[in-house]
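Good morning, and thank you for the time.

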Amino acid sequence: MTDNQPPEPQSGNTSPYGSNPPERMPQLPMPEYSSFGQHQQQQFAPQGGPQLGQPGQHPSGGSAYPQFAGQGTHQGASPGPNWPFGPPQQPVATPAKPKRMGLAIVAATALLVGAAGGVGAAAVYSATTDTNSASPSVTAPLNGNQAAPASAPDGSVQNAAAKVMGSVVKIAVSTQQGAATGSGIVISKDGLIVTNNHVVGGAGQGAKITVILNDGRTVPATVKGLDPLTDLAVIHAEATDLTPAVLGSSAKLAVGQGVVAIGSPFGLQSTVTSGIVSALDRPVTSGDEEQSSTTVFPAIQTDAAINPGNSGGALIDLAGQVVGINSAIKTAGGSGQSAGGNIGLGFAIPIDQAKPILDELVAKGKATHARLGVTVGDAQSSDGLVNGATLREVTPGGAGNKAGLQAGDVVTAVDGKAIASGDALVAAVRSHRPGDQVKVTLTRAGKPQDITATLGSDDGKPTG
């Protein structure tokens with residue numbers, strides 16, 4: 001399959017934390033997900049400079065991948081000029097922008113995760129747009145005569161949030177065409193911050209990036225490295241006294257475990273929501289409207305409230321350690337207010353898969369990804385249900401070819417974990433690093449067998 005070509009990032013220094021890389025693979029369309037990051041103030045297309053990648057086509061020759069939205073209707077009522085003291089203005093309906101479809105039928109629901117704004121809203125299927133510039137901007141709780149906070153016992157949401165709050169920042173991106181905001185996580189004292197690629201990667205030349213710290217300070221920032229394939233980015237803020245978050249391990253998560261999301265939904269900085277881990281290794285596919293950047297990743301699914309503007313923010317466990325980077329949500333579809341809210345289906349990039357990518361972005365400005373060297377599609381059983389990943393093509397000399405995989409094989413598991421679709425196989429490969437060995441369980445001519453493959457590398461030039 002083909003992956004998208006990322007832009008030529010800037011070089012960087014050595015990462016402040018350990019490495020343990022993630023993986024990537026061929027990409028297939030599935031129900032549309034969107035990446036959220038910035039509260040849209042105005043809609044605009046990225047200006048200047050090359051596109052983040054070449055348009056991605058489905059490997060089997062189908063239509064282009066599902067799109068992130070650069071434009072859309074405001075997902076929620078825009079406050080009027082007298083808000084919060086007067087009634088809000090009624091939103092003006094904007095015609096919904098049609099979405100392209102891939103080989104598979106796209107579900108009626110759209111996944112939207114992205115910036116709460118125009119610049120970094122590339123990862124939003126239905127971008128939230130707020131064109132009412134006269135409305136006041138509420139970004140932090142008002143101070144007043146408040147009671148002293150109750151003591152926070154270990155393992156509580158309050159205790160966990162207190163440990164990480166100072167390490168989660170708001171990111172504002174502005175150009176001549178508009179402005180947008182997202183979230184970020186401090187990973188070094190001297191200003192390194194991780195966020196989503198769709199928050200800062202589509203701004204183009206001449207864009208201004210500003211980081212709003214938890215203590216109210218604003219400092220300028222520049223891009224350190226971008227990786228559209230994993231929807232990750234590292235920026236460097238001009239500060240030397242930041243408090244880095246503690247990065248935990250997503251491998252230790254369990255379904256039903258309590259988690260907390262921290263970020264700036266709709267520009268509302270330092271917002272804390274809580275929920276549970278709803279599922280693990282959920283294959284999530286998302287891409288931008290221009291088809292220039294599509295990603296498939298094995299996500300942490302949570303019902304913690306996540307909305308546009310949360311992109312790049314932290315998903316933490318109740319010990320106060322970062323276990324994921326919020327990147328996408330699913331919405332009920334449609335347009336206008338009905339399309340923009342949280343419905344309890346949020347997705348985060350597992351931190352174990354993000355760490356090695358971030359290490360490479362800091363050190364080299366670009367990242368490498370694992371490759372199996374195959375193009376895939378959904379395998380269907382006789383009753384029409386999707387049941388595995390069909391290998392449509394096997395690249396000569398690639399990892400799959402060397403391991404003995406053949407076109408027509410149906411992959412049903414990787415390392416003992418069931419593979420239910422083509423996207424699931426893509427996500428499984430991207431959860432590994434180049435050089436990793438994986439056990440591929442497949443069916444060939446009706447007979448099951450296991451094959452061990454050593455994953456290859458795209459050498460920082462993702463193509464499949």
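Which residue in S7 does valine 211 stand opposite? It is valine 219. Please bear in mind throughout that we are looking at a predicted model.

That pair belongs to a wider arrangement. Strand S6, residues 208-212, and strand S7, residues 218-227, pair in the antiparallel sense over four bridges. Both strands are part of a closed barrel of six strands, which runs S3-S4-S5-S8-S7-S6 with antiparallel pairing. Within this sheet, neighbouring strands are turned against each other by 40° on average, direction ignored.

Eight of the nine residues of S4 are buried, so the strand is largely enclosed by the rest of the structure. On one side, S4 pairs with strand S3, residues 168-175, in the antiparallel sense over eight bridges. The two strands form a hairpin with two residues between them, and the bridge partner of threonine 175 is glycine 178 in S4. S4 is also joined to S5 by two bridges, and these strands run antiparallel. Here isoleucine 185 has valine 194 in S5 as its bridge partner. S4 and S5 likewise form a hairpin, with five residues between them. Glycine 191, in that turn, has a positive phi of about 110°.

I turn now to the helix that accompanies these strands. H3 lies across strand S5 (192-195), S7 and strand S8 (232-237), and runs at about 50° to S8. H3 comprises residues 351-364. At 1.5 Å a residue, its 14 residues should span 20 Å, and the end C-alpha atoms are 19 Å apart, which agrees. The helix is mostly covered, with 12 of its 14 residues buried. Among them are Asp352, Lys355, Asp359 and Glu360.

Why does glutamate 360 count as buried? The cut-off is under 20% relative accessible area, and glutamate 360 has a relative accessibility of 15%, so it counts as buried. Its side chain reaches the backbone nitrogen of threonine 368 at 2.7 Å. Leaving aside residues up to four places away in sequence, glutamate 360 touches Gly365, Lys366, Ala367, Thr368 and Arg433. One of these, glycine 365, follows H3 and has a positive phi, near 80°.

Positive phi values bring me to two aspartates. In general, most residues other than glycine have a negative phi. Aspartate 415, however, has a positive phi near 55°. This residue is placed in the loop between strand S18 (410-414) and strand S19 (417-418). With a relative accessible area of 37%, aspartate 415 is partly exposed. For aspartate 459, phi is likewise positive and near 55°. Aspartate 459 is found in the segment after strand S22 (456-457). Its relative accessible area is 57%, so aspartate 459 is exposed.

To close, I would draw your attention again to the closed barrel of six strands, to H3 lying across S5, S7 and S8, and to the buried glutamate 360, whose side chain reaches the backbone nitrogen of threonine 368. Thank you for your attention.

Definitions and conventions: Residues are numbered from 1 along each chain as its sequence is written. This is a predicted model: local features need pLDDT of at least 70, side-chain atom pairs count only at pLDDT 80 or more; totals for chains, interfaces and linings use all residues. Side-chain values use heavy atoms; hydrogens and water are left out. Buried means under 20% relative accessible area, exposed over 50%, partly exposed in between (1.4 Å probe, protein chains only). A polar contact is a pair of N or O atoms within 3.5 Å; within protein, one must be able to donate a hydrogen and the other to accept it, and residues adjacent in sequence count only if both atoms are side-chain atoms. Contact means heavy atoms within 4.5 Å. The expected span of a helix is 1.5 Å times one less than its number of residues. Two strands pair if DSSP finds at least two bridges between them. Axes are lines fitted to C-alpha atoms, for helices over the stretch in contact, and angles run from 0 to 180 degrees between N-to-C directions.
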